[in-house]
Structure formats: structure tokens, C-alpha cells
Amino acid sequence: MGLVERDEELAVIDQLFRNCSSGRSNVALISGPMGSGKTVFLEAVELRTRSAGAHILHAAASRVEHADPLGAIDQLLRDTSLPAEFAERVAELLDEGLNTIWHSDQSRVAGGEAAVARGRWHTRMWEVLRDLAIDRPVVLIIDDAHNLDPASQQCLLYLLRRLRSARILVLLGERASARQAKPVLREELLHELRSRLIELAPLSERGIARFLADELGQDTGDALVSVCHSVTGGNPLLVWALAEDCAAAGTASEGTLPVGDAFRRAIENCVVRSEASVQLVARGLAIVGDQASTMVLGKVLGLSDVLVADALTALRDAGLLNGWCFRHEAMREVVLYGIPAEQRTSLHARAATTLHEYGAPVFAVAEQLLAADVVPSASMVRVLHEAAGQVLSAGEPRSAIGFLRLANRSTAGGRLDVATRSALAWVEWQLDPASVVRHIPALRVAFKAHQLGGQGIVKLFAYLLWHGRITDALDMLEDVQRAQSGEDAGPPDAVDIRTLRFWVGHLYPGAAHPAVADEAHQGAPLLSAPQPLKSASLVAHMHDSAHAEKVLIQAEQILHSSRMDDMTPVSITSALVAMIYSDRLSCARSWCDSFLEEAAVRRMTTWHGLLAALGSVINFRQGRLEAASAQAHRALTVIPAASWGVGVGLPLAGALLAATATGDLAAANSYLSMPVPDVMFKTPFALHYLHARGRHLLANNHFHAALGDFTACGELMTSWNVDAPALVPWRSDSAMAYLGLGQSDQARRLVDEQVVRLAPGNSRARGISLRVRALTEDVVDRPAVLREAIDVLQDSGDRLEAALAYADLSQAHYARHDHRLASKAARSARELAKECGAVNLLRALPPEAGHLAPHELPGPRVPGDLSAAERKVAALASKGLTNQQIANRLHVTISTVEQHLTKAYRKLNVAGRAELPLELRLEPSGPRP
């Protein structure tokens with residue numbers, strides 16, 4: 001590493017050397033923080049003075065050798081460049097000193113005799129150096145002098161006091177932080193010996209720019225100078241390391257630095273070579289983070305405030321800290337990595353206790369507890385609970401799980417442990433509903449022991465319903481009822497039992513006791529009830545046409561008053577379902593998208609999946625097939641099918657409906673192959689699943705199998721008293737299957753039954769019913785009914801069903817030989833089908849001839865006994881060409897054209913060219929004239 005911004009300091013050394021050469025000895029203390037470049041500076045001085053003809057004696061003191069007497073002096077004077085006679089004298093002296101005076105066994109030289117012996121030894125050593133300086137100047141360089149062993153320090157001070165006019169220059173390098181301890185050597189040098197102090201300051205931005213330009217080029221240096229100064233604080237060692245990493249990476253851009261191995265090694269070097277107190281404070285800062293203060297660090301580390309303050313100054317001077325924070329996260333990482341595992345655990349535990357005592361935020365305390373990984377006390381369990389609630393509100397459920405899992409290791413017992421397990425189960429359920437199963441046994445035991453609070457009871461009830469454990473849920477419902485009626489001990493007001501009854505009556509109408517199921521549908525929606533009860537009441541009444549207006553009011557109340565937290569999605573999904581079944585699809589999609597985005601941001605996986613499944617239903621009912629498919633796939637991705645419990649029928653239904661309509665047979669088959677639990681068929685989710693599976697079978701002409709699914713769906717809806725076409729129009733779908741089997745009377749009967757059950761007003765279900773009803777009518781009467789169906793379907797927003805109705809209308813007009821209207825209806829059907837992405841419908845429609853090559857044109861749906869010539873002539877006539885134009889096009893006479901047309905009219909049973917079939921327009925019509 002080259003020297004930058006050290007010209008003034010080198011000039012001072014040059015002057016001191018000139019003084020030395022002229023017979024005046026000097027002593028200089030070169031001081032700087034960790035990484036300030038003292039060693040590089042002293043090496044540069046060594047080269048300059050050696051080239052000027054000086055004897056150079058160099059040593060580097062080490063903390064590791066601090067206990068070895070005369071270690072630095074021995075290193076200094078055993079220089080191989082010494083003349084032979086001096087080398088022999090030095091070797092003899094050093095051996096004598098080590099073996100007799102500073103030997104560990106000093107029994108032979110004790111008391112006053114030892115002091116006299118050392119004095120004589122020092123004098124002889126001084127005489128050697130004085131004689132060496134007669135010939136030419138001597139420069140003694142000792143790096144890291146703060147690490148000098150006591151014997152070397154004593155010897156050096158003796159020599160320094162006797163320099164006088166000897167041609168000796170002594171240069172001592174020390175780390176600035178070491179001066180805080182006020183060592184004897186430094187005091188002697190600066191106060192008694194009047195030594196020169198040279199302090200190496202951090203590099204300025206200008207100095208960094210110069211260095212980076214030399215190492216990386218002018219453009220790169222200019223781009224990185226500001227961020228480099230910010231990260232390093234001007235520490236030369238760190239600047240050099242960053243430049244090395246940047247050169248190794250090969251790329252750099254303004255504002256970014258590629259921090260790599262060189263930078264990390266430099267940080268480690270700075271910290272490892274510092275004093276024990278500085279190392280410890282650096283570790284404390286890495287542990288405590290932004291909650292650090294002098295008092296906190298002192299208590300965590302067991303250091304005095306003075307030691308902590310001095311260490312912080314050293315770290316700031318070295319460019320590692322900016323205030324109380326490390327200048328770069330890599331610095332903190334390196335320091336943390338260097339802490340032994342046992343010490344790290346101890347420091348985190350002490351930090352947690354200290355921060356709690358000093359009133360730090362619970363999140364900071366909880367992070368320390370988590371890092372310590374020790375069994376928490378009862379007071380710390382409460383801290384972990386509070387911290388989990390905070391991070392959960394901030395959209396960090398995984399952090400909440402970490403806190404609660406640690407709290408769950410507590411052995412405090414009683415309600416505190418139950419509350420912990422209940423909270424942990426709820427958060428884990430929001431990330432993966434399958435994970436809650438392992439908590440259910442313990443929570444049921446706690447419920448039986450009356451240790452579970454009201455919310456805990458509701459959540460446990462939800463887990464049981466989600467995973468199809470209806471028997472356990474009904475047993476739990478009975479226990480709550482007994483407790484509230486006073487028949488059994490326990491808190492009677494722990495939970496509103498009506499909420500539980502509404503949910504079980506709606507989600508398991510076939511498995512619940514009839515009284516429970518009936519109670520769920522009695523009365524009117526509860527517009528002024530608490531939110532959980534209001535949403536449960538809403539679900540129970542959403543198929544009740546008598547309270548349709550109140551249901552919508554209630555749904556809008558819930559959506560406007562709800563904010564996404566860990567409980568409100570139950571209410572939100574209930575309100576969205578009500579709006580879907582009321583054909584408020586645009587409004588429902590707007591709300592659903594908004595809450596879905598928030599659930600994704602807050603990482604509420606279960607709610608994210610549930611809202612995505614509802615979004616798929618909404619988009620399909622609007623004919624947005626690509627969006628419906630994407631939302632269904634999203635729902636089955638964030639929550640695997642195995643974790644959906646009984647609710648898996650909802651996303652599978654959306655996925656299957658979209659795949660069927662888009663003609664994606666492979667995707668449809670993959671969804672059909674996914675297993676579903678048997679208990680799902682006791683829930684309303686089965687209705688959506690059976691309906692979607694039936695539609696897939698119907699699209700593939702498996703009419704009997706489709707009819708089986710639709711009939712099963714209808715039987716369930718009838719037995720559960722939820723037979724509403726807005727939920728699943730199973731009768732019209734069954735009617736389509738019967739039409740496929742040629743049983744139009746049976747189809748008409750079913751669709752008439754569905755029309756009777758429709759709620760007042762135009763609705764999607766009404767439009768579907770009208771469309772299918774038209775197909776059972778005589779061809780003469782179909783267009784009027786289909787036009788009404790189209791108006792209703794377009795009003796409801798279902799573009800896919802409207803496209804199907806337009807396709808049926810085109811067929812009806814064609815059957816009546818009204819080719820102009822048939823073409824117009826087909827064009828409308830095609831446009832809507834393209835908008836929807838309904839590939840299956842597009843395949844069934846006659847393509848637009850102008851978009852196809854002749855060999856791609858389909859065969860006509862006209863009598864097959866027309867000759868090739870008759871077909872060509874009829875095709876051109878259907879396109880409006882005159883007989884003359886046809887004759888010119890085909891290179892025949894007008895008489896031939898007339899003969900072919902006459903035969904074609906007779907075979908097609910039409911009166912003239914205006915009644916020629918539409919399909920003839922798609923026929924290849926010979927060469928252009």
C-alpha cells in the first residue's frame with residue numbers, strides 16, 4: 001500500500017534524521033489508530049534512511065511475546081547487517097542478560113545485586129550502540145512499542161536517557177488507543193525526554209480519491225470516493241482493502257462498493273490487534289446493536305464506564321464506528337463471527353437482561369433472547385409475547401414464530417404456557433395450516449382444563465373445522481354450551497356461542513346436529529353485532545333471498561370497517577363471499593385485490609391463499625379466465641393442496657373451471673389428480689368442486705359422468721337447505737348434460753325449476769338459466785330468449801357466459817337461415833371469447849375466413865352431395881359476387897355459372913343466393929381474376 005497524505009510527516013522525519021547525522025540524537029513517537037498505516041510509514045522511513053547510509057536496527061513488539069524478557073531488544077540488536085565485531089559483542093551481552101539478569105530463576109542475583117547487575121548491563125549495551133553510531137548514524141525502529149515487554153521497555157528508557165549527542169535516531173510506533181492506558185514508556189518519552197509526537201490522521205476524501213485513482217483509474221476512483229470515505233472513515237488499511245476487492249470484482253458503480261474478503265480481513269486485523277478492552281467493546285456493540293450506550297455496554301461486558309468510553313474512542317478513530325454504529329454491516333458481521341460461541345451466548349443473555357432493566361423496546365430484548373437461545377423466565381416469556389405481536393402487526397410472521405417457539409420452551413407452566421402455545425399455533429397456521437395439527441391435542445387438553453381464553457377457543461374451533469375434525473368441533477361446542485349454561489365449571493363468557501353455531505352450521509350443514517344447522521339460518525342478519533358474530537351471521541344468511549338487501553349492507557359494513565390483521569380475514573372473506581353470490585362481482589374484485597395485496601405484503605400466507613382462491617372465483621364469474629387461472633395457481637402455490645384441509649375444493653374448482661374453458665387439458669387433468677379429503681364432501685366446498693368437475697366432463701362430452709356430478713351437487717344443496725342458483729346453478733348444467741344425451745324434455749324441466757328458484761331482478765344465474773332454457777325451445781323461439789339472456793349476462797358482467805349465449809344465438813339464426821344475423825352473432829361471440837381467453841369456445845366457432853389460409857379453412861357444414869364446381873360457384877355467390885364476376889374468376893361461361901347455381905339451390909333447399917349457408921363463405925373459391 002503506497003503512502004498517501006503523509007508528506008508532512010515524512011518531512012519531519014527527514015529533518016530529525018539530518019539532525020541525527022549532524023550529531024544530535026532525536027526520538028519520535030509515531031502514533032495512529034488501528035489501520036492508520038504506522039507500519040507502512042515506518043517501512044518507508046527505513047528505506048529512506050537506509051539509502052542515506054544509516055545503520056537500521058528494526059524490531060516489532062508483540063503482545064504474544066509480552067511475557068518474554070528482552071524479546072524486543074533481542075530482535076532489535078540481532079540484526080544480520082551489524083558488523084561482525086559488534087554482532088559478537090551484542091550476542092554476548094544478550095546471552096548474559098537473558099541467562100543471568102532477567103532469567104526466570106533469579107536466586108543467584110537477588111535484591112540490590114540484581115539492580116546493580118542490570119545497571120552494568122545497560123551501560124555496556126549503551127556503549128555498543130554509541131560505538132556503532134561513530135561510523136554512521138544509527139536508526140532504531142520499534143513498531144507497536146506499546147507491546148514492549150517490561151525488560152525491553154526498561155532497557156530502552158535507559159538508552160534514551162543517555163543519547164545526548166550520539167548520532168542515534170529512535171522511532172517508536174504505537175497505536176493511538178494504547179495511549180489511553182498511560183504506559184510508563186509514553187509518559188517518559190513525551191514529558192521527560194521531550195520526544196517528537198507524529199500523529200497519523202485519517203485520509204481525507206481528496207487523499208482517498210488520489211489513492212483510488214492510482215489503484216483503479218480516475219473514473220472509477222471519482223465514482224467511489226464518497227462512499228469509500230463514508231464506509232472507512234479514511235482508515236488507510238480499509239481504503240486499500242476496498243480497492244483490492246473492487247479490483248478483484250472487476251466492476252464498480254457510483255454509490256456501491258463490492259465488499260469482499262480483503263475488506264473483511266482488514267476489519268479482523270484491526271480488531272484482533274487491538275487491546276482486550278477494545279475487542280470486548282467491539283463485540284458488545286456487535287451484540288447490542290442500536291440499543292448500545294456506555295452504561296449498557298459496561299454492564300453487559302463488566303467494564304467500567306471509562307474503559308468503555310476509551311474503547312469507543314479507539315474504534316471511532318479507527319474508522320470502524322460512526323457514532324454508535326458500525327460504518328458497514330460487514331464490520332459487525334466480522335466482529336460477531338470472531339466471538340467464540342460460548343461467549344456469544346453469554347453476551348446475548350446478559351444483553352437481554354440489561355436491556356430489559358433499562359427499558360429497551362421489547363423487540364430488542366426479544367432478539368437478544370432469541371440469539372441467546374436459552375430457556376426464558378416467566379417475565380421474558382411476556383416480553384417474547386409482546387414482541388411477537390409487534391412483528392406480526394408489521395408483517396413479519398416468521399419472526400413472530402421464532403419468538404413464540406422460544407417462549408414455548410418455558411417451564412413456567414399454567415395459563416402462560418397455554419397462551420404461548422395458542423399464540424404459536426395461530427401464527428404457524430397463518431403460514432402453513434397443516435402445521436397447526438401438532439398443537440391441537442395440547443390445546444384440547446387446555447380447553448378441557450378451562451385454561452384457554454375466548455380467542456383461543458375460537459381459533460381452536462377454526463382449526464378443527466379447517467381440518468375436517470367435525471366430531472371434535474361438535475364436542476367442543478357442547479362443552480362451551482354447558483359452561484355457559486352453568487351445567488359445567490368454566491368461564492361462561494369465554495366466547496359467543498352463537499358464532500361457533502353459525503360457523504359449524506354453515507361449514508358442515510350435513511354433519512351438524514339439525515338444531516344447530518337450523519339455528520344458523522333462523523332470524524335475520526345481525527347488523528349491529530360484534531364483528532365475529534356479524535360475519536358468522538352473514539355467512540349463514542347469504543343464500544336467503546328474503547334478506548338479500550340486509551346481507552349486502554352487512555357485507556359492505558364489514559369490508560369498510562376491516563383492516564388486515566390476524567383475525568379480520570375471517571370477516572373479510574365472509575363479506576366477499578356474500579358479494580360474489582349477490583353478483584356484485586366488480587365491487588368484490590376491487591375489495592379482494594386490495595386485501596390480497598395487503599396479505600401478500602404482510603406475509604399472511606393462509607389469508608393470502610384464501611383471498612387468491614376467492615379472486616379466482618370472482619374472475620371466472622366475470623369471464624377473466626387468465627386471471628382466474630393465475631389466482632387459482634397462486635392459491636395452490638402459497639398453500640400446498642395438502643395444507644388446505646376441507647377448503648381445497650375452492651382453489652381446485654377455480655383452477656379446473658379456468659383450465660376447462662381455456663382448453664388446457666393437461667392442467668385440468670393435473671388438478672383432477674390432486675387428492676381431496678373425504679370429509680370435504682360434507683362442506684360447501686364440495687359444491688364448487690363437483691360443479692367444476694362436472695363442467696370439465698361436460699366439455700369433453702362425458703354427459704353421463706357430468707350429470708352424476710351435477711346431480712350429487714344438487715342433492716347436497718337440497719339436503720342442506722342452500723339450494724340457490726347463485727351459489728351453483730347445478731340444474732342448468734344438468735340440463736346441458738341432458739341436451740347432450742338428447743333428452744330435451746328433462747332438460748327443460750330442470751331449467752324451469754331453476755328459473756322458479758331465482759331471486760328477483762337480473763342476475764348472472766338468471767342469464768345462465770335463460771341461455772339454457774333457449775336451447776330447449778323450438779328454433780323459431782330461441783333468438784328472443786337468447787337476446788334476453790345476453791342482456792342479463794352482460795349486465796351481470798359475465799363475459800364468458802355472454803359469449804356462449806352469442807354462439808348459441810349464431811347457431812339459432814343459422815338454423816333459421818338468417819346468415820347475416822348468424823354472422824353478426826358469431827362475430828360478437830368470437831370477440832368476447834378472445835377477450836376471455838376461452839379457447840374451447842373459439843375452437844367451436846367458425847373462424848374468420850380473412851384470417852386463414854385456404855388450406856386452413858374448415859369444411860362446410862352443408863350437404864356433402866354438392867360437386868366441387870357447384871361448391872366453388874355457390875361460395876362465390878354467397879360472398880356477393882355477380883354471375884359475370886364468378887365466370888371471370890373461374891374462367892367459365894355465364895351459362896355454366898347459372899347451371900351450377902340452380903343445382904346448388906335445389907340441393908341446399910334455398911330460394912336464392914341470399915339464403916346460401918354462412919359456411920359457404922369459408923370455402924376456397926378458386927383463383928383471383
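## Two helix pairs

A crossing is called left-handed if the near helix is turned anticlockwise from the far one by less than a right angle, and right-handed if clockwise. By that rule, α34 and α36 cross in a left-handed way. This is a predicted model, in which local features need pLDDT of at least 70 and side-chain atom pairs count only at pLDDT 80 or more, while totals for chains, interfaces and linings use all residues. Residues are numbered from 1 along each chain as its sequence is written, and side-chain values use heavy atoms, with hydrogens and water left out.

Helix α34 covers residues 685–699 and helix α36 residues 730–740; they pack at about 20° with axes 11 Å apart. Axes here are lines fitted to C-alpha atoms, for helices over the stretch in contact, and angles run from 0 to 180 degrees between N-to-C directions. The two helices are therefore roughly parallel (an angle under 35 degrees). In this contact (heavy atoms within 4.5 Å), His691, Arg695 and Leu698 of α34 meet Asp733, Met736 and Ala737 of α36. Three of the contact residues are nonpolar, one is polar and two are charged. Ala, Val, Leu, Ile, Met, Phe, Trp, Tyr, Cys and Pro count as nonpolar, Asp, Glu, Lys and Arg as charged, and the others, Gly among them, as polar.

Now for α43 (residues 868–878) and α44 (residues 883–890): their axes come within 10 Å and cross at roughly 135°. Lys872, Val873, Leu876 and Ala877 of α43 touch Ile886, Arg889 and Leu890 of α44, a contact with five nonpolar, no polar and two charged residues.

## The sheet

Five strands form an open sheet in the order β2-β3-β4-β1-β5, with parallel pairing. Strands pair if DSSP finds at least two bridges between them; strands (E, at least two residues) and helices (H or I, at least four) are DSSP runs, numbered from the N terminus. β2 (55–60) and β5 (196–199) are at the edges with a single partner strand each, so one side of each lacks a neighbour in the sheet. The twist averages 15° from one strand to the next.

Strand β1 (residues 26–32) runs parallel to β5 and is joined to β5 by four bridges. Ala28 has Arg196 of β5 as its bridge partner.

## Confidence

The protein chain has a mean pLDDT (the predictor's confidence in each residue, from 0 to 100) of 85, with 87% of its residues at 70 or more. Residues 514–521 fall below 50, and this stretch has 16 contacts in the model beyond near neighbours in sequence. Where pLDDT is low, the predicted coordinates should not be read in detail.

Note on methods: Angles under 35 degrees count as roughly parallel, over 145 as roughly antiparallel, 65 to 115 as roughly perpendicular and the rest as oblique.
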